[in-house]
Amino acid sequence: MDEEYDVIVLGTGLKECILSGLLSVDGLKVLHMDRNDYYGGASTSLNLTQLWKRFRGDDKSPEHLGSSREFNVDMIPKFMMANGALVRVLIHTDVTKYLNFKAVDGSFVYNKGKIYKVPATDVEALKSPLMGLFEKRRARKFFIYVQDYEVSDPKSHEGLDLNQVTARQLISKYGLEDDTIDFIGHALALHLDDSYLDTPAKDFVERIKVYAESLARFQGGSPYIYPLYGLGELPQAFARLSAVYGGTYMLNKPECKVEFDSAGKAIGVTSEGETAKCKKVVCDPSYLPDKVRNVGKVARAICIMSHPIPDTNDSHSAQVILPQKQLGRKSDMYLFCCSYAHNVAPKGKYIAFVTTEAETDQPEVELKPGIDLLGPVDETFYDIYDRYEPTNDHAADGCFISKSYDATTHFETTVKDVVEIYSKITGKVLDLSVDLSAASATAEE
């Protein structure tokens with residue numbers, strides 16, 4: 001291997017595949033390797049036999065659950081905001097031509113023991129049983145402010161500079177109650193905790209706008225879309241894209257050892273005695289374990305069911321966010337449900353995930369509030385995994401390491417990491433102003 005690559009990417013997880021696609025489209029010469037013989041790394045998609053083998057140690061899955069290959073169980077399931085950054089990245093790289101999306105049926109929030117549809121507009125606020133009569137009116141006024149807010153139109157700011165005013169101050173101007181703030185902050189703006197309340201309100205307002213605009217795109221019950229056959233389609237779509245731009249993908253390359261020069265800068269990657277030279281290395285934390293630190297754990301339960309999540313209007317696909325305050329926790333809990341409607345399970349079967357940032361080492365106990373909302377479950381697999389973040393100086397060693405996937409069931413944090421790494425590698429800001437109609441999703445077949 002005498003040729004030198006601009007970038008060698010190690011691991012075919014979602015983040016690595018998106019980066020490899022973006023860099024290839026930019027004209028960089030990319031070699032993409034994975035030690036596994038399958039795509040996806042930690043974010044791979046498993047059939048029933050593989051799921052059984054991974055969590056039960058044998059490959060005899062029960063026949064009553066249906067055909068193994070009709071299951072596509074994403075290990076890191078996340079919905080995409082129809083108007084959000086990931087969809088824009090996918091369109092920017094034109095990888096959308098290899099994917100088919102379908103709208104997600106419902107977006108819900110947990111409040112005082114019950115599941116409610118998330119109201120995202122002034123009209124929905126007035127109809128929502130989440131709030132009493134007077135609170136509905138206050139929330140309606142707040143939503144109208146957010147809908148009308150345009151950065152470029154000072155009149156719409158109503159005298160507030162959202163770069164100065166905090167989210168807490170903006171909310172108090174409308175006199176909203178704690179429970180209302182809870183669902184707006186966590187289920188609409190998708191903040192992971194309450195620290196956003198004391199930061200400038202601009203980001204908070206923009207997040208709610210993205211949610212409302214995404215909701216409006218498909219006239220469905222949610223702002224989310226998801227690929228048919230699940231996220232396992234993404235790495236393969238990016239591999240095809242990369243080939244179009246002259247990039248190379250290699251699976252089943254054992255070891256993948258990063259080589260450094262005397263100054264500690266990455267100069268290549270060795271596998272099976274051959275070294276490919278490069279200027280930069282992009283990888284997930286598992287390839288450079290001495291350049292990352294453990295920052296937490298994610299607890300999750302993977303459930304196979306024969307019915308939708310109760311109280312979600314029979315949604316064949318849905319997200320339910322359980323805000324931390326509602327559970328007396330430090331972090332939110334997420335329910336993700338998908339089914340045969342997105343071709344991720346056999347007819348009549350549903351796959352639900354319950355995930356959260358672990359605060360104990362007992363996922364069975366910790367995830368119980370979420371599991372209790374699912375109703376009868378055919379099979380449950382519990383799991384806990386470590387989250388890592390890079391500690392290296394990429395300017396010094398030429399290594400660009402992604403963060404492990406968090407507990408969220410939407411893509412907003414994942415794509416933020418990707419866009420930041422892209423800018424570090426290229427020195428450019430990724431242009432995400434694209435024609436969104438290029439990614440259309442079928443609402444209902």
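**Notes on pockets, cores and salt bridges**

1. The second largest pocket is lined by 25 residues, and G41, A42, S43, D284 and S286 are the ones nearest its centre. Pockets and cavities here come from a 1 Å grid over the protein atoms alone: a cavity is a set of points where a 1.4 Å probe fits but cannot get out, a pocket is an open set with protein on both sides within 12 Å along at least five of seven lines, and a lining residue has an atom within 4 Å of a point. The second largest pocket has a volume of about 470 Å³, a volume being the space filled by probe spheres set on the points, with grid points joined across faces, edges and corners.

2. Before going on, a word on the model: it is predicted, so local features need pLDDT of at least 70 and side-chain atom pairs count only at pLDDT 80 or more, while totals for chains, interfaces and linings use all residues. Residues are numbered from 1 along each chain as its sequence is written, and side-chain values use heavy atoms, leaving out hydrogens and water.

3. Back to that second largest pocket. Strand β18 gives the most to its lining, with four residues; helices (H or I, at least four residues) and strands (E, at least two) are DSSP runs, numbered from the N terminus. By class, its lining has eight nonpolar, eight polar and nine charged residues. Here Ala, Val, Leu, Ile, Met, Phe, Trp, Tyr, Cys and Pro count as nonpolar, Asp, Glu, Lys and Arg as charged, and the others, Gly among them, as polar.

4. Now the largest pocket, with a volume of about 1,300 Å³. Its lining takes in 42 residues, with L190, R207, E412, T413 and K416 closest to the centre. The elements giving two or more residues are α3 (85–93), α8, β18 (379–390) and α14 (412–426). Which of them supplies the largest share of the lining? That is α14, with eight residues.

5. A salt bridge here is a side-chain nitrogen of Lys or Arg within 4 Å of a carboxyl oxygen of Asp or Glu. R207 and D203 are four residues apart in helix α8, so about one helical turn separates them. R207 counts as partly exposed at 27% relative accessibility, and D203 does too, at 38%. For reference, buried means under 20% relative accessible area, exposed over 50%, and partly exposed in between (1.4 Å probe, protein chains only).

6. The salt-bridge count comes to 27. One of them pairs R168 with D198, the closest N and O atoms being 3.0 Å apart. This pair links distant parts of the chain: R168 sits in helix α6 (residues 167–173) and D198 in the loop between α7 (178–188) and α8, 30 residues apart. Elsewhere, D372 pairs with K368 at 2.8 Å between the closest N and O atoms, and K368 is partly exposed at 45%. E135, R138 and E177 are linked in a salt-bridge network.

7. What about the inside? The largest nonpolar core has 106 residues, and L51, M80, F142, L170 and F204 touch the most other members. A nonpolar core is a set of buried Ala, Val, Leu, Ile, Met, Phe, Trp, Tyr and Cys residues joined through side-chain atoms within 4.5 Å. Helix α8 (residues 201–218) gives the largest share of this core, seven residues. Apart from it lies another core, of 22 residues, among them A299, M333, A352 and L367.

8. S339, in strand β16 (residues 333–339), is buried, with a relative accessible area of 0%. Leaving aside neighbours within four places in sequence, S339 is in contact (heavy atoms within 4.5 Å) with H316, V344, A345, K349 and Y350.

9. Last, the cavities: there are three of 30 Å³ or more. The largest holds about 70 Å³ of space, and among its 13 lining residues M75, I76, P77, T355 and D406 lie nearest the centre.
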